[in-house]
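Please examine the sequence and structure before working through the solutions.

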Amino acid sequence: MAPLVAALVALFAIAGLAGAAESSTRVARPAIKVEKAGACVEPTDEMRRNHMNMLFQQRDQTVHLGLRSPRHSLKGCVDCHANPATGSVLGKDGFCESCHAYAAVKIDCFECHSSSPRRAAAGLEPIAPMKATAQ
Amino acid sequence: MSLDRRAFLGMGVAGAGAMLAPGLRLIELAQARSPEEAASTLKRWGLLIDTVKCTDCEVCVTACNEENGVAGHGRPATDPQWIRKATLSDKRTGHVQSLPLMCQHCEDPPCVDVCPTGASFKRADGIVLVDKHTCIGCRYCVMACPYGARSFVHEAVTGQKPDVPRGKGTVESCTLCVQRVDRGATPACVEACDKDGGKAMVFGDLNDRAGELNRRLRVEPSSALRPELSLDPAVRYQGL
Amino acid sequence: MAAIHYRKLPGRSPGLRATLAILGALIAAGLMGASYMEGQGHYVTGMSNRIVWGIPHVYAVFLIVAASGALNVASISSVFGRDAYKPLARLSGLLAITLLIGGLVVLVLDLGRPDRLIVAMTHYNFKSIFAWNIFLYTGFIAIVAVYLWMLFERRMNSYGKPVGLLAFLWRMTLTTGTGSIFGFLVARESYDSAIYAPLFIVMSLSFGLAIFLLVLMAASAQPAPAPAPAQAQAVVLRLKNLLGVFVASVLYLVLVQHLTNLYFTNRHGFERFILVDGGVYTALFWIGQMLLGGILPLALLFHPMWSRSRRIVAAAAICVVLGGFAQLYVIIIGGQAYPIEMFPGKELSSSFFDGVVASYAPSLPEIALGLGGFALALALTAVALVVLPFLPASLSDIVIDTGAGRGSEAAEGRAASA
């Protein structure tokens, strides 16, 4: 019994050490690229934890009450976070999709909402958005 | 000087009234809302359509489709239509006329009554909308609309306008260009009719006695569609 | 009163396995159809912006209406005090649940956004009869499940009657709610009428009893132990008169509805469409609903000679079911095909198919979905009959309770059970 336990402990220790190495490429990480300089509308920590709740709240206020806060609008997020090369927050290098694919959390925002920034829609230099991958 | 109770109360009421009255007047006069202000019941957006001036053109339809990103797929039975031109021909007299038909933004909308989740709702300023986040696509509102104004999105949508989210599996209809109205502009159909059409459409606040819409409705005869249903639509027609 | 014995269906019979295999294939086809519809969008179906509710809804409404009526046989014993029908109460309750589940599955899978079922269960607009129906349908399943528990568990048997009464009142409300889905639609002259609530109630009694009889006959055709076919036959003959009364009630209310509509000049267009020149809808109304679903079953069920045959009663029940489908097709799809009269006295035309009779052709995914729901209901019933003792071992109690003036049948029954 004891040798078995010892072997298991050793196995886990090796695995743990291997995982702790920062330069390890075995663990996938999301490729989050923030293109624009400057800060987001809220602190990064808060956005990471709460952006979904902020969006849920904001969308009810916008749709039902007509409150179009420029700070918390989804259009604002997309305008800032869209990948300039692809013109979209979706796709392999898209801000939203790269992290959501990593976390395996399906979002259906962009079935209805445009994933392209407004400058593309305004008719300036057409940026072909990357095809949204299947959800 | 000593005041008796009645005099004191009278002065208090007069003073309060004097302080409040200018504020009320200013709220009435404000036109464009700031983005941080909610829609309010003090306004009620409406349309007046003069079918005599309405010609055979379709600029209202084209403008609406362009503004809201409504594109067909070549399947007219299932493609959504937010506004359409209808032709009326009197069975007895043969008189023919045309008019644009869209969501009538009723005061008592049947579509709002029947929606099981409350996705179909009337905003405080009278615009009837569909909250696509809550819509489950049951199509009961399409059955309930007396004007056939609602469309079900039968296919996946791509290339949406950023201001107008729309997607497969939900129901939609004319939003009175709420994205334009909220920034103080007029609906796309009205603007296009003014510019390229018969200048048959007037948009405005039904409650604003100083506005053109209210003035014309007070002065000229107009009618609602299917008035026997007592839905009090915000869209009124002339020449019917 | 002698204790009633119940039995389970034998699980190893080849007939049962073949039935389950076929039903399983139909369910799989239904799921594929639903997946295709949801993935591609509803443009792959025959439904359009003019006809938004199609074949899936015909099936779903039929199943929901029949589910409510299937509980009627249990109500006869628990609510109306005819204890002789108590042995059938368990099967009646089971069918009520399984048919309702089948109907609800079809309804949910046809939604534009079925992934938002949680939204539908948590956001309610209580002015909508649809919202009330969500409560009524799910509550019905729960109440009937509790009712079955009262029936199954010996020490709870005494609570069977109060829970049975609650289930009865609940299903009356539920069916009123289902009929009112159409009756509350002020927009369309094809609906917009208070008659839909009572019409759906008598339809539920008729369709539910027909399905109950067919399932009872199918289950009692299994090899022994009983109910031996002769005993089941006696039960069936007792209930066939009731089915005849229900079919006649449906005919009566349909007659009243159309007579009243014919009195209103502004409804003549719609009446002409349904009764005369609506093409497939007119054919379904006269041949499907009135003849196959009305006159023919009445003739079969009340004929002094023919109606004593079990096969004839089964044929009549099948006719009632087919006629019921035809009736719902005319109500749901015919009602949408007729254009909304927005401008009385004027001919209307537009790019949105205003003012014209809309065309509709059921597509394969829709039919598969509807059939799959029906198959699901039957499959759940079959599995339940194998797993738990729903079927009575002996129907002799019912055979003996023949009422006044039916001495010869009583003697026949006693001889059969001896």
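The model is predicted.

**Exercise 1.** Determine where A:Ala104 lies in chain A, and whether A:Ala104 is buried or exposed.

*Solution.* Step 1: Most residues other than glycine have a negative phi. Step 2: A:Ala104, although not a glycine, has a positive phi of about 55 degrees. Step 3: In chain A, A:Ala104 sits in the loop between helix H4 (95-103) and helix H5 (109-112). Step 4: The relative accessibility of A:Ala104 is 68%; exposed means over 50%, so A:Ala104 counts as exposed.

**Exercise 2.** Describe the largest cavity and the lining of the second largest cavity.

*Solution.* Step 1: There are 7 cavities of 30 Å³ or more. Step 2: The largest cavity has a volume of about 160 Å³. Its lining comprises 15 residues, with B:Gly148, C:Arg50, C:Arg188, C:Ile340 and C:Asp354 closest to the centre. By class, this lining of the largest cavity has 7 nonpolar, 3 polar and 5 charged residues. Step 3: The second largest cavity has a volume of about 130 Å³ and is lined by 15 residues. H12(C) gives the most to that lining, with 4 residues. The lining of the second largest cavity has 9 nonpolar, 6 polar and no charged residues.

Conventions
Residues are numbered from 1 along each chain as its sequence is written. Chains are lettered from A and ligands numbered from 1 in the order in which they are written. This is a predicted model: local features need pLDDT of at least 70, side-chain atom pairs count only at pLDDT 80 or more; totals for chains, interfaces and linings use all residues. Side-chain values use heavy atoms; hydrogens and water are left out. Helices (H or I, at least four residues) and strands (E, at least two) are DSSP runs, numbered from the N terminus. Buried means under 20% relative accessible area, exposed over 50%, partly exposed in between (1.4 Å probe, protein chains only). On a 1 Å grid over the protein atoms alone, a cavity is a set of points where a 1.4 Å probe fits but cannot get out, and a pocket is an open set with protein on both sides within 12 Å along at least five of seven lines; lining residues have an atom within 4 Å of a point. Grid points are joined across faces, edges and corners, and a volume is the space filled by probe spheres set on the points. Ala, Val, Leu, Ile, Met, Phe, Trp, Tyr, Cys and Pro count as nonpolar, Asp, Glu, Lys and Arg as charged, and the others, Gly among them, as polar.
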